[in-house]
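The sequence and model are shown first.

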Amino acid sequence: MIARRHCLLALGAALTGCASAPVPPARPAGSELEASPPWPPEFVKQPPSGAGRLLRLQPERSRLRVYVFRAGSLARLGHNHVIAVPRFEGWLWWPERIEGPAALEDVRGALRLPWEDIELDAPAERAAAGAAFASPLDEAAVAATRANLLGPRGVDAQRHPALRLELLALRGEPPRLAARVRWQRGPQQHESDVALRLSGEADAPRLAGSLVLRHSELGLQPFALPGGLLAVQDEVLLEFELQAGPGA
């Protein structure tokens with residue numbers, strides 16, 4: 001029983017941040033600011049010319065979830081994890097009207113997800129995620145998982161306090177859009193394509209979609225016990241509905 005308990009707590013290191021990565025050498029103070037672009041992004045301070053409006057993403061009307069999956073020959077002893085992101089910052093420069101693909105050329109967007117604000121394995125979230133996530137986790141196990149996620153062998157939140165997302169290009173025609181985005185965790189960057197579905201009003205667009213993101217794409221190594229008996233899949237699933245609206 002003791003051995004099994006240790007295995008389960010070890011598996012708790014497996015999250016988007018249940019990642020295991022070599023501890024990097026210490027950096028001088030302020031290096032996080034040097035490694036990341038300024039916030040808020042430039043298009044917020046100096047909006048593009050043309051017919052458009054600056055909108056703010058509204059966390060209270062949005063939904064963002066990350067699902068992390070167990071692996072290994074003893075995966076039955078581990079747990080899947082669900083991460084909710086109830087607080088974040090984000091901006092959109094959005095056209096006043098979308099009439100044809102050309103209207104999307106000037107769209108800008110940026111999102112900042114502070115690691116400290118995540119909610120990990122909340123009972124209601126686990127129940128809502130389905131049977132594969134429904135097994136209860138005690139508070140000590142959740143706390144251990146969170147500590148591993150945020151620590152230097154995980155996402156290293158002290159040095160890299162937020163995950164950044166930048167919208168590079170938007171194609172397609174409403175309601176079906178294709179976005180090219182750039183992820184950034186400190187100096188680590190990765191670009192990916194995301195399918196989006198647009199709904200809402202012109203001054204309050206809602207963008208929904210999902211994508212697969214890998215630990216390795218963010219410079220992280222998925223947690224694994226020796227021999228791979230218990231491990232975390234490299235792939236994590238991100239599902240979101242982002243509501244934008246007027247905001248100062």
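## Contacts and overall make-up

Of the contacts in the chain (heavy atoms within 4.5 Å) between residues at least 6 apart in sequence, 71% join residues at least 24 apart. The secondary structure comes to five helices and eleven strands; helices (H or I, at least four residues) and strands (E, at least two) are DSSP runs, numbered from the N terminus. Buried residues make up 45% of the 248 residues in the chain, where buried means under 20% relative accessible area, exposed over 50%, and partly exposed in between, with a 1.4 Å probe and protein chains only.

The model is predicted, and local features need pLDDT of at least 70, side-chain atom pairs count only at pLDDT 80 or more, and totals for chains, interfaces and linings use all residues. Residues are numbered from 1 along each chain as its sequence is written, and side-chain values use heavy atoms, with hydrogens and water left out.

## Nonpolar cores

A nonpolar core is a set of buried Ala, Val, Leu, Ile, Met, Phe, Trp, Tyr and Cys residues joined through side-chain atoms within 4.5 Å. The largest such core has 45 residues, and those with the most contacts inside it are Leu64, Trp94, Leu111, Leu170, Trp183, Leu196 and Phe240. Strand β11 supplies the largest share of this core, six residues. Apart from it lies another core, of five residues, including Phe43, Val44, Trp91 and Ala110. In soluble globular proteins, nonpolar side chains tend to be buried together.

Leu196 touches Leu170, Pro175, Arg176, Leu177, Ala179, Leu207, Ala208 and Phe240, leaving aside residues up to four places away in sequence.

## Aromatic cluster

Rings of Phe, Tyr and Trp (its six-membered ring) pair if their centres lie within 6.5 Å; planes under 30 degrees apart count as stacked, over 60 as edge-to-face and the rest as tilted. By this rule there are two aromatic pairs. The ring centres of Tyr67 and Phe133 are 5.4 Å apart and the planes stand at 70°, so this pair is edge-to-face. The pair links distant parts of the chain, 66 residues apart: Tyr67 is in strand β2 (residues 63-71), and Phe133 in the loop between α4 (123-128) and α5 (139-150). Tyr67 is buried at 8% relative accessibility, as is Phe133 at 6%.

Phe69 and Phe133 form an edge-to-face pair, with 5.9 Å from centre to centre and 65° between the planes. Because Phe69 lies in strand β2 and Phe133 in the loop between α4 and α5, this pair ties together parts that are 64 residues apart in sequence. Phe69 is partly exposed, with a relative accessible area of 24%. Tyr67, Phe69 and Phe133 form one aromatic cluster.

## Helix α5

Within α5, Ala141, Val142, Thr145, Leu149 and Leu150 are buried. Seen down the helix axis, the buried residues of α5 fall within an arc of 155°, so they line one face; the arc is that of the directions from the helix axis to the C-beta atoms. The face turned away from the buried side of α5 carries the exposed residues Glu139 and Ala147.

At the start of α5, a side-chain oxygen of Asp138 comes to within 3.1 Å of the backbone nitrogen of Ala140.

Asn80, in the loop between β2 and β3 (81-84), is buried at 6% relative accessibility. A polar atom of the Asn80 side chain lies 2.9 Å from the backbone oxygen of Ala132.

Gln243 belongs to strand β11 (residues 231-245) and is buried, with a relative accessible area of 5%. The Gln243 side chain reaches the backbone oxygen of Pro205 at 3.3 Å.

## Backbone features

The peptide bond from Trp39 to Pro40 is cis, with omega near 0°; Pro40 lies in the loop between α2 (31-35) and α3 (42-45). Another cis peptide bond joins Pro174 and Pro175, with omega about 5°. Pro175 is found in the loop between β7 (162-173) and β8 (176-185).

Asp121 has a phi near 55°, a positive value in a residue other than glycine, and is buried, with a relative accessible area of 5%. Asp156, in the loop between α5 and β7, has a positive phi of about 55° although it is not a glycine.

Note on methods: Polar contact = N/O pair within 3.5 Å; in protein donor to acceptor, adjacent residues only side chain to side chain.
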